[in-house]
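Please read them with the sequence and the coordinates open.

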Amino acid sequence: MLAQLDSAAIVGIEARPVRVQVDFTIGLASFVVVGLPDAAVRESAHRVESAIRNSNFKFGRSGNVVVNLAPADLKKEGPAFDLPIALGVLAATEQIKPQSVDDFMVVGELSLDGGVRPVAGVLPTVLAARRAGKKAVIVPAANGAEATVVEGVAVYAVESLYQAAQVLEHRDGAEPLIPQRLETVLTDATYDVDFSEVKGQAHVKRALEIVAAGGHNLIMIGPPGAGKTMLARRLPTILPAFTPDEALEVSQIYSIAGLLPAASSLVTTRPFRAPHHTISTAGLVGGGSIPRPGEVTLGHLGVLFLDELPEFHRDALEALRQPVEDGHVVISRALASLRYPAKLVLVAAMNPCPCGYFGDPERECSCSFGQIRRYHKRISGPLLDRIDIHIEVPRLPAREIMDPGDGEPSASVRARVAKARQMQRQRFAGTRVFCNGQMSARQVQQLCPLGAEAQALLRLAFDRMHLSARAHHRILKVARTIADLERAAEIEVAHIAEAIQYRSLDRKLWG
C-alpha cells in the first residue's frame, strides 16, 4: 500500500516542500530511502524501525519498505524526516487510518524509544506550510513556541510517535497550541545592558549614535581597557526596535542554525555577534561541506563585532569585503548556489600597535616603527575603505571612571535614531535600501548635494588626506546621516566637517 505525507527540506534560509512517499509490499524484508538523502536521512531507517516497535506498533519482518523523498533532485539533509517517514510506514501498513494527511506538514526527529526530538528549521518550515496552503503542522514539542508565531496554521506539538499518530487519526480530538501575535512577543524585548552604564567617551557615543542612525560601519582604535568592547556591546540597544517582519526574518536564520533560545518563539532583540579572532573563513562568512550560515548572516539586521581586528586571518577579513558591500553572501556548490542575507553593522576594534600604547600620553610604547607598520598592514586598504567611521577611544582618567552619575540611557538615544531612520525610510521608499549606509554611488550623487562652501571643504580634505573615491562616498553618507539626526533637509558645512573627522585615521595610521 502507498501512503504520502508532506514535509520540508531547508535550502538556504527557506524551507521547500518535500513529498514523503512510503510504499509497503509483502516480500523480502528491506527498508530503502531514495530521493537524494544524506547520511542522516539514510540512517532514519534504523531509528524509524526501533521507534515503531517501541511505540506499541508493529514493524513486520516480511515487508519491503521503499521511501521516496520528492523532488528527487533536491538534497535532503538532517533527521527531520524521521517522523513523517514513520507516520507514512504506519499508514502504508494500515496501522493508522489518517482522516486527511493532505492538510498537514510534518517534521521531527525520532529517538529509539519513540520520542520526538527537536529539529532545526521549524519556523521556516511552518512558513513554507502556509505558503503551500497547509492548514496544520505537526512539530516536536520543544519547537512548538517558534511555530505558533505563524498565523493561519494550526500547530500540533507532539512528544512521541504515538501522539503524532493520534493527531493524524483523530484530528478533531487533538488540541493545537494557542497562536501568538508577533507584536505581543516583541513588546517584551529587553536588553541586559544600557548606554547609561558607559562613563565618559562622549565623542565615541556620538559616533555610535551616527552608526545606529545610518547603518554605518565603524572601527574603534584605542589601548587595552579603554572600553571598546563595552561600547560595542551597547550599540544594539540604540538601534531601532525590530519590526515584526525583521524579527521573523532573523528568527528564521537562528531557527535553521539551531540557535533559537529554548522555549522562545522569536529573536526579539538585535543580534550581537562577537566571534573569536581564530575563526575560519567558513565560520565567518558561511560555507562548509554542508553549507551553513556564518557569523555575518547570524548578525543580519544587527551588529557583527570583530575585536582585535588585525589578529583575524587575512583571508577571513578579505572574505568580508563582499558581504559588507552587498549585504548578502553567495555560497556556490556543485548542486546549488545559496544566498544568505548579511545586512549588518560591522564594528571593529583594535589596538594602535602590538603592545597597545602607541600614542598613549602616559605609557610608553615598546614597539618599533616596523612592528607598528606591519601590524597596521594586516588590514587591507579595500577593507578599511568599506568602514565609514574611524574613531579613537582613549583611556579614561580616574575621575571619569569614578563619576557616580549615569549617562544618557539607551531609550533616549534610540528615540533620536528612530526619527532619523524614519526620514531615511521616506527617502528610500520603493527601493531595497533602508538606511544611508546602504546607498549606491548613484544614490549618493542624487541625494547628497553640497553647497559651494561644503564642496570646498571636502575638496580641501581630499587634497590634504589623500582619500580614495570610496572614502568620498563614505563621507557623504555619514554627513547625510548627521543631517538627518538634526532633521536638516540639506547637508551643511558643519555636517561635512564632522564626517571628515571620522576619516582622520586614514592619514594618521595608514597614510
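Contact, as used for the packing described here, means heavy atoms within 4.5 Å. The model is a predicted one, and the points that follow should be read accordingly.

1. Helix 4, which spans residues 122-131, is mostly covered, since eight of its 10 residues are buried. The buried residues are Val122, Leu123, Pro124, Thr125, Val126, Leu127, Ala128 and Ala129, and they pack against strand 1 (2-11), strand 2 (14-26), strand 5 (104-106) and strand 8 (136-140), as well as against helix 5 (144-147) and helix 10 (244-257). Just after helix 4, Gly133 adopts a positive phi of about 85°.

2. Helix 10, one of the packing partners of helix 4, contains Tyr254. Tyr254 counts as buried because its relative accessibility is 8%, where the cut-off for buried is under 20%. Leaving aside residues up to four places away in sequence, Tyr254 touches Leu259, Leu260, Val267, Pro271, Arg273 and Leu298. With Leu298, which lies 44 residues away along the chain, the C-alpha separation is 7.0 Å.

3. Which residues of helix 22 (493-501) are buried? They are His495, Ile496, Glu498, Ala499 and Ile500, and the buried residues of this helix pack against helix 8 (202-214), helix 20 (452-465) and helix 21 (469-485).

4. The model includes an open sheet of five strands, paired in parallel, with the order 11-12-15-10-16. Strand 11 (272-273) and strand 16 (389-392) stand at its edges, and each has a single partner strand, so one side of each is left without a neighbour in the sheet. For strand 16, the pairing with strand 10 (residues 218-221) is parallel and runs over four bridges; within it, Leu218 has Ile389 of strand 16 as its bridge partner.

5. The cysteines deserve a separate comment, as the structure holds zero disulfides. Cys355 is in no disulfide, although the sulfur of Cys353, the nearest cysteine sulfur, is 3.5 Å away; the criterion for a disulfide is a pair of cysteine sulfur atoms within 2.5 Å. Cys355 is partly exposed, with a relative accessible area of 21%. Cys448 is likewise in no disulfide, and for Cys448 the nearest cysteine sulfur, that of Cys435, is 13 Å away. Cys448 is buried, at a relative accessible area of 4%.

Methods. Residues are numbered from 1 along each chain as its sequence is written. This is a predicted model: local features need pLDDT of at least 70, side-chain atom pairs count only at pLDDT 80 or more; totals for chains, interfaces and linings use all residues. Side-chain values use heavy atoms; hydrogens and water are left out. Buried means under 20% relative accessible area, exposed over 50%, partly exposed in between (1.4 Å probe, protein chains only). Helices (H or I, at least four residues) and strands (E, at least two) are DSSP runs, numbered from the N terminus. Two strands pair if DSSP finds at least two bridges between them.
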